[in-house]
Amino acid sequence: MKLTILGGGGFRVPLVYGALLADRGEGRVTQVVLHDLDGSRLNAVARVLDEQAAAVPDAPEVTATTDLDEALRGTDFVFSAIRVGGLEGRANDERVALAEGVLGQETVGAGGIAYGLRTVPVAVDIARRVARLAPDAWVINFTNPAGLVTEAMSRHLGDRVIGICDSPVGLGRRIARVLGADPKEAWIDYVGLNHLGWVRGLRIAGRDELPRLLADPDLLGSFEEGKLFGVDWLQSLGAIPNEYLHYYYFNREAVRAYQQVEKTRGAFLADQQARFYEEMKRPGAAALTAWDRTRAEREATYMAENRESAGAGERDADDLSGGYEKVALALMRAIARDERTTLILNVRNQGTLSVLDTDAVIEVPCLVDANGAHPVSVAPLPEHATGLVCAVKGVEREVLAAAGSGSRATAVKAFALHPLVDSVNVARRLVEGYTDVHPGLAYLR
């Protein structure tokens, strides 16, 4: 089976390859094609993968190319993890937004909109090429903003594109662990949009154990989300929100924390990864060792500003392992081998949430088999969550409209309607600021 990884020179690709190396089942991936626009980054990642595979018999063969059509032709699965504009673009997203006193995070608020506006046209082009060159392929999208990009691609690929994220997986794992349960045995009642969802129940042997967690302040305050949001707020919500909702519930504190740091997250990662890729230019460098060291530092500093503003302290060691590569592998195995499983995924609504239309991409538990991912029926959201989900989905639709039409006015509308952008004039200045620094937004007129 052939897997094409778009963004194949990306830093986290070795996580995906590591998961493939551990898969010894029948029908596993035997050929991996890395695609990236940057040949030097491709070479660096290929070196890491080569060292990963050194002691593994029958490791998947790896090839690399900068030709997108060549990478897609005849593939079975496409894993999309591109970053349009690179980490420099992410740093600019943060900088322009923070100068206006609003959030510049890559998937939330102004930064997420800017990232979406320059990513959607590229993702749509990829979707069209997949439909032409590999019409039977399944696309697994990890490109951020994941829900928005998945919806853009679904307009050309239908249900053959599925978005993944490791945030709900990590959240469910932490809740199960603190309740003393095996995460693999737990049913997680999770619903929302990507980076905007809530765990409303966690069933173990048919019994919902979340009320027990919410009723125990010591237990509730002992894990990441309890520290981040505070026990009182979680008890008020009666649910456990995705960590990214910290940007909404504590927006002023988050913006202030980001404004006070020496380097934003994007700038930090840009410098860190530049050092890694520079090191990989030395022929004798130990590629896997350098990558492991850089990854550990990256994971330990994840959402550091939010944790500092909340007084949450350092991340637990068990939360430093990521997990999206395991979701991707489980998804591929379920489809390719008809190994039925349940995963939290980004898929078209299909009537699952009555407040949204059929084609709106949402993030919910899905039953996965050879025919793809099928969203599981969920209870309606409470009003406060419904309002937020509908508002953000409305913004995503304006982003898609702006990307499709090239309308600058529609782009302004997208920024202005977001709950975390508090002024139409700020929205106008954001569009001006972003078009000044992003060549990829030159299409907005």
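1. Buried means under 20% relative accessible area, exposed over 50%, and partly exposed in between, with a 1.4 Å probe and protein chains only. By that cut-off, Phe79 and Tyr324 are both buried. This is a predicted model, in which local features need pLDDT of at least 70, side-chain atom pairs count only at pLDDT 80 or more, and totals for chains, interfaces and linings use all residues. Residues are numbered from 1 along each chain as its sequence is written, and side-chain values use heavy atoms, leaving out hydrogens and water.

2. Aromatic pairs come next. Rings of Phe, Tyr and Trp (its six-membered ring) pair if their centres lie within 6.5 Å; planes under 30 degrees apart count as stacked, over 60 as edge-to-face and the rest as tilted. The whole structure has 12 such pairs. In one of them, the ring centres of Phe79 and Tyr324 are 5.9 Å apart and the planes meet at 25 degrees, so this pair is stacked. Phe79 belongs to strand β4 (residues 77-80) and Tyr324 to helix α17, so the pair ties together parts 245 residues apart in sequence. Helices (H or I, at least four residues) and strands (E, at least two) are DSSP runs, numbered from the N terminus.

3. Phe276 and Tyr277 make an edge-to-face pair, because their ring centres are 5.1 Å apart and their planes stand at 70 degrees. Both Phe276 and Tyr277 are buried. Phe11, Phe276, Tyr277 and Trp291 form one aromatic cluster.

4. A charge also meets a ring. The charged end of Arg160 sits over the ring of Trp138, 4.2 Å from its centre. The test is NZ of Lys or CZ of Arg within 6 Å of the ring centre and within 35 degrees of the ring normal.

5. On a 1 Å grid over the protein atoms alone, a cavity is a set of points where a 1.4 Å probe fits but cannot get out; a pocket is an open set with protein on both sides within 12 Å along at least five of seven lines; lining residues have an atom within 4 Å of a point. Grid points are joined across faces, edges and corners, and a volume is the space filled by probe spheres set on the points.

6. There are 3 cavities of 30 Å³ or more. The largest cavity has a volume of about 210 Å³. Its lining has 18 residues, with Thr107, Pro145, Val392, Glu396 and His418 nearest the centre. Two or more lining residues come from each of α5 (109-133), α6 (146-157) and α18 (383-405). α18 gives the most, with 4 residues.

7. The second largest pocket has a volume of about 870 Å³. It is lined by 24 residues, and Val169, Pro183, Lys184, Thr342 and Leu343 lie nearest its centre. α7 (167-178), β7 (186-193), α17 (324-337) and β11 (341-348) each give two or more residues to this lining. α17 gives the most, with 6 residues.

8. Strand β1 (residues 2-6) has 5 of its 5 residues buried, so it is largely enclosed by the rest of the structure. Lys2, Thr4 and Leu6 cover one side and Leu3 and Ile5 the other, and all are buried. β1 pairs in the parallel sense with strand β2 (residues 31-35) over 5 bridges; pairing requires at least two DSSP bridges between the strands. Lys2 has Gln31 of β2 as its bridge partner.
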